[in-house]
Amino acid sequence: MNNDKIINEYQEYQDKIGSRLELYRVVSQKFDISSALYPGCHIDLSPSLVIPNVVYVDNFKGTINFFKHINQIKAFINEHKEYKEECEVLFFGQDYTHELVVEPVDLIISQYAGFVGQATKEYLKVGGILLCNDSHGDATLAKFDDDFRLVGTIDEDYEINHFHLEDYFVRSEGKPVDLMVVKTKMKGPSYSKSAANYLFQKIK
Ligand SMILES: C[S@@+](CC[C@H](N)C(=O)[O-])C[C@H]1O[C@@H](n2cnc3c(N)ncnc32)[C@H](O)[C@@H]1O
């Protein structure tokens, strides 16, 4: 596959999912992120445009084929990146629940790919950030995990909110959150107040 095809594939995917570049930019600037792990990345390369060292993990055949063109991918990133140093991009074509050979990172990205935060938190530095949504219930599991503390939310305006965090993950009429149901259905429950994305800090 030539360079154009690979980059077109990435750009078409960005058009489909809506670019998350601003999301990754805001988070990396706020928390001074220089390394990240992105399990279940598919071909969302945008973190590498704002974070110098990113490890991508996905076991889908199409993604594995895409990342075979790592030199073209790096050339594209080096041309468009927003930081000074050369980019470092690593890809593991494997199940992220299996052991990963990864140094602890500043940020874990969890977007529509299952219980990423739970499966990979051992690779997050203490003080590091889990950026996740609740599409599959990953944010709910982090909220009820003593290893994490909710430190912010982000909506479509890409502004990080640090206030009234106690209002999130509250069900209407005092209904309890059943984590077994979340794990079985792989879906976050409905809450009185929710956000597009959540930021959890690993505290131990
Ligand atoms: C719905 S896509 C989301 C892709 C990307 N995170 C995004 O938001 O654009 C889910 C991706 O997670 C990957 N995935 C799901 N479970 C996985 C696992 N246990 N190990 C590795 N990859 C996984 C799938 O192969 C797929 O590429």
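Trainee: What should I keep in mind about the origin of the model and its numbering?
Mentor: This is a predicted model, in which local features need pLDDT of at least 70 and side-chain atom pairs count only at pLDDT 80 or more, while totals for chains, interfaces and linings use all residues. Residues are numbered from 1 along each chain as its sequence is written, and side-chain values use heavy atoms, with hydrogens and water left out.

Trainee: How many bridges join strand S1 to strand S4?
Mentor: Strand S1 (residues 35–39) and strand S4 (residues 105–110) run parallel and are joined by 2 bridges; within S4, Ile 108 is the bridge partner of Leu 37.

Trainee: How many helices and strands does the protein chain have, and what is its radius of gyration?
Mentor: The protein chain has 8 helices and 8 strands. The radius of gyration is taken over C-alpha atoms, and the globule rule is 2.2 Å times the number of residues to the power 0.38; since a compact globule of 204 residues would have a value near 17 Å, the 17 Å of the protein chain agrees.

Trainee: Which residues of helix H2 are buried?
Mentor: Buried means under 20% relative accessible area, exposed over 50%, and partly exposed in between, with a 1.4 Å probe and protein chains only. In helix H2 (residues 21–30), Leu 21, Leu 23, Tyr 24, Val 26, Val 27 and Ser 28 are buried, and just after H2, Asp 32 takes a positive phi of about 55 degrees. Over the protein chain, buried residues make up 50% of the 204 residues.

Trainee: Is Gln 14 buried or exposed?
Mentor: Gln 14, which is found in helix H1 (residues 3–17), counts as buried because its relative accessibility is 7%. With contact meaning heavy atoms within 4.5 Å, and not counting residues up to four places away in sequence, Gln 14 touches Ser 19, Arg 20, Asp 44 and Ser 46.

Key:
Helix = DSSP H or I, 4+ residues; strand = E, 2+ residues; numbered from the N terminus. Pairing = 2+ DSSP bridges.
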